[in-house]
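Please keep the sequence and the 3D view at hand while reading.

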Number of protein chains: 2
Amino acid sequence: MTTEIVERILAGDVRSVGKLLSRIEDRTDAADAAVLARLFPHASGATVLGVTGSPGAGKSTLVDQLARTYAENGDKVGIVAVDPTSPYTGGAILGDRIRMHSLSTHPRVFIRSMATRGRMGGLSAGVDDAIVVLAAAGYRRVIVETVGTGQDEVDIARSAEVTLVVLVPGMGDEIQTLKAGIMEIGDIFVVNKADHEGAQKVIREIEALVADRNTVRGWTPRVIATVATTGRGVEELAGAVGEAHRFFQESEFGRSRRLEADQRRILELLEQRALDDLRQTLDQEELARLAEKVSLGEANPYEAAELLRRRCLGRLRGGGEAGEPGRSAATP
Amino acid sequence: MTTEIVERILAGDVRSVGKLLSRIEDRTDAADAAVLARLFPHASGATVLGVTGSPGAGKSTLVDQLARTYAENGDKVGIVAVDPTSPYTGGAILGDRIRMHSLSTHPRVFIRSMATRGRMGGLSAGVDDAIVVLAAAGYRRVIVETVGTGQDEVDIARSAEVTLVVLVPGMGDEIQTLKAGIMEIGDIFVVNKADHEGAQKVIREIEALVADRNTVRGWTPRVIATVATTGRGVEELAGAVGEAHRFFQESEFGRSRRLEADQRRILELLEQRALDDLRQTLDQEELARLAEKVSLGEANPYEAAELLRRRCLGRLRGGGEAGEPGRSAATP
């Protein structure tokens with residue numbers, strides 16, 4: 001079964017790619033770790049782009065234009081649109097992100113929306129897995145699109161080889177308040193809607209802010225003006241992406257950035273597995289009983305957590321049953 | 001030592017409160033879990049308010065006004081200003097949040113900025129701990145101020161008993177795009193800068209959006225217009241907060257919301273401890289060696305994580321040394 005899905009994905013079978021991405025998103029099948037481990041050696045050929053910015057900045061249109069440029073050059077392009085999930089309803093906050101893309105029927109473009117479902121670092125881990133799947137399936141360009149400059153976006157920026165921050169005229173205050181965050185994430189700043197009033201002002205502000213960045217990272221972020229709806233500036237942007245990618249591939253800074261990303265990636269996978277082990281050994285009924293007691297003032301959440309921790313450790317110690325198929329918990 | 005700090009905090013000693021909050025933020029001392037467990041039974045008397053909204057919405061000024069109102073009624077007020085930390089520099093993204101508050105020298109007001117340092121659910125866990133400390137130290141009002149409507153903010157909203165979402169005129173598009181997220185978080189919507197153009201429009205939009213919310217939660221969110229800089233509307237806001245608090249205290253919906261919050265809290269503490277166990281049993285040098293190999297294409301992050309997981313499990317099984325003082329890993 002593992003071999004079959006691995007072979008289908010390596011052959012670029014779109015349906016198998018879609019199915020595996022759904023399983024990764026839902027985290028329904030721990031055996032997928034074995035599939036991902038087998039896909040990984042085939043996943044090194046893709047360029048991974050991160051694109052972030054406020055809602056309404058025109059990211060989807062811009063991503064479409066970039067994807068079209070790459071697809072017309074003959075590359076297969078995978079787009080992962082990250083969709084903040086409402087923790088209350090479980091539904092998507094921003095609606096169906098796929099519908100915001102015009103390219104969803106292009107034969108060489110695969111678009112996928114991924115929800116930030118699940119807690120504790122689940123998002124960036126899932127996106128990293130999705131990148132592996134798409135790259136192994138022959139998508140030479142993978143674009144990860146996120147909203148905002150929160151922790152999730154920064155985590156994803158760290159997985160991408162080149163990160164674009166999309167800004168629009170008329171957000172001067174926002175630049176001032178968020179400038180540290182934005183400045184650190186972006187390798188390329190795109191001022192979209194550059195035909196709107198105030199575009200020159202934003203461009204000048206960003207240029208002033210990035211001017212001395214090269215002392216830190218050896219790379220001075222480019223500032224590119226675009227009008228995504230007409231395609232203006234997109235070719236220049238694609239050129240800047242290529243330039244940034246080469247710089248990070250070849251420079252010592254790029255090498256150390258990749259090493260850091262790999263270390264973080266292993267640690268994330270490890271933490272994810274530790275939390276999986278916890279969930280599998282946790283007695284949900286006992287948790288519910290303890291929560292009820294805490295709620296009534298009869299127990300203490302700190303002591304309840306410690307009690308449950310000891311129980312889980314006891315079960316993990318008790319035998320190998322904590323490991324699922326393919327993820328044995330046997331001692332080394 | 002534990003008894004001494006517990007007694008000092010219960011006596012309301014400001015310096016001890018500050019020191020413990022620093023340790024919680026840095027997560028330097030796992031023994032603090034024992035202190036928190038002892039403080040918890042004394043922490044039930046406080047009303048916890050969450051305040052969120054975009055940068056520039058005037059949250060800090062509004063929180064100052066509310067805090068002043070409560071302090072003038074004789075209550076001690078604790079303010080926790082959550083500060084997004086840059087994952088690159090480790091510094092604060094928005095600058096010193098405390099300086100944005102005018103009340104920092106008021107004798108009955110304690111203001112503390114807390115960084116979102118650390119990964120994987122660290123923020124909301126730390127804030128929950130801070131609430132326990134402040135409540136045990138006699139702060140009858142605790143206000144947690146966050147920026148935005150991301151996962152962190154939602155998590156904090158779930159810890160608060162009443163959550164305020166602060167909006168300002170001229171953000172119509174933002175309301176449309178983020179309305180699901182905002183709608184779910186807010187118990188009270190504050191339209192601040194209500195003397196600015198477009199205030200009525202925002203108020204009408206929000207009122208339209210909240211109109212049928214009471215069918216879901218039994219509580220129709222209030223919409224209050226304020227001008228924080230002059231204090232206009234602040235008294236009405238304090239009244240609405242009191243009303244919402246009573247509703248959630250007395251209603252069946254409030255009871256089930258608290259039960260859910262308690263269950264989530266235990267689970268978060270448990271996950272935090274599992275990750276602590278992992279960090280303590282992880283061989284950092286082995287992680288670095290494996291990352292180097294992955295970076296050179298000689299190893300696979302999935303297999304590396306699995307190898308490290310087995311090693312950590314082996315060490316956890318090997319004996320009780322994984323537990324720190326006060327947190328023994330002995331079987332139950």
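How many bridges join strand 1 of chain B to strand 4 of chain B? In this predicted model, five bridges join strand 1 (residues 47-53) to strand 4 (residues 141-145) of chain B, and these two strands run parallel. Within this pairing, Gly50(B) has Val144(B) in strand 4 of chain B as its bridge partner.

**The sheet of chain B**

The two strands belong to an open sheet of seven strands in chain B, which follow one another in the order 3-2-4-1-5-6-7 with parallel pairing. Strand 3 (109-115) and strand 7 (222-225) of chain B are the edge strands, each of which pairs on one side only. On average, and with direction ignored, neighbouring strands of this sheet are turned by 20 degrees against each other. Helix 10 (residues 234-250) of chain B packs on the sheet, where it touches strand 1, strand 5 (162-167), strand 6 (188-191) and strand 7 of chain B, and the direction of this helix makes about 145 degrees with that of strand 5 of chain B.

**Two helices of chain A**

In chain A, the axes of helix 4 (residues 59-72) and helix 10 (residues 234-250) come within 10 Å and cross at roughly 75 degrees. Because angles of 65 to 115 degrees count as roughly perpendicular, helix 4 of chain A is roughly perpendicular to helix 10 of chain A. The residues that meet are Leu62(A), Gln65(A), Leu66(A), Thr69(A) and Tyr70(A) from helix 4 of chain A, and Val234(A), Leu237(A), Ala238(A) and Val241(A) from helix 10 of chain A. Sorted by class, this contact of helix 4 with helix 10 of chain A has seven nonpolar residues, two polar residues and no charged residues.

**Lys193 in each chain**

Most residues other than glycine have a negative phi. Lys193(A), however, has a positive phi near 55 degrees, and Lys193(B), which is not a glycine either, has a positive phi of about 55 degrees. Lys193(A) lies in the loop between strand 6 (188-191) and helix 8 (199-210) of chain A, while Lys193(B) lies in the loop between strand 6 and helix 8 (199-210) of chain B. With a relative accessibility of 28%, Lys193(A) counts as partly exposed, and Lys193(B), at 29%, also counts as partly exposed.

**Aromatic pairs**

Over all chains, the structure holds 12 aromatic pairs. A pair of aromatic rings is described by the distance of the centres and the angle of the planes, and the table gives these values for two of the pairs.

| Pair | Centre to centre | Between the planes | Arrangement |
|---|---|---|---|
| Tyr302(A) and Phe40(B) | 6.4 Å | 75 degrees | edge-to-face |
| Phe248(B) and Phe253(B) | 6.1 Å | 50 degrees | tilted |

The pair of Tyr302(A) and Phe40(B) crosses between chains, from helix 13 (residues 301-318) of chain A, which holds Tyr302(A), to the loop between helix 3 (32-39) and strand 1 of chain B, which holds Phe40(B). Tyr302(A) counts as buried at 2% relative accessibility, whereas Phe40(B) is partly exposed with a relative accessible area of 24%. In chain A, Trp219(A), Phe247(A), Phe248(A) and Phe253(A) form one aromatic cluster.

Definitions and conventions:
Residues are numbered from 1 along each chain as its sequence is written. Chains are lettered from A and ligands numbered from 1 in the order in which they are written. This is a predicted model: local features need pLDDT of at least 70, side-chain atom pairs count only at pLDDT 80 or more; totals for chains, interfaces and linings use all residues. Side-chain values use heavy atoms; hydrogens and water are left out. Axes are lines fitted to C-alpha atoms, for helices over the stretch in contact, and angles run from 0 to 180 degrees between N-to-C directions. Helices (H or I, at least four residues) and strands (E, at least two) are DSSP runs, numbered from the N terminus. Angles under 35 degrees count as roughly parallel, over 145 as roughly antiparallel, 65 to 115 as roughly perpendicular and the rest as oblique. Contact means heavy atoms within 4.5 Å. Ala, Val, Leu, Ile, Met, Phe, Trp, Tyr, Cys and Pro count as nonpolar, Asp, Glu, Lys and Arg as charged, and the others, Gly among them, as polar. Two strands pair if DSSP finds at least two bridges between them. Buried means under 20% relative accessible area, exposed over 50%, partly exposed in between (1.4 Å probe, protein chains only). Rings of Phe, Tyr and Trp (its six-membered ring) pair if their centres lie within 6.5 Å; planes under 30 degrees apart count as stacked, over 60 as edge-to-face and the rest as tilted.
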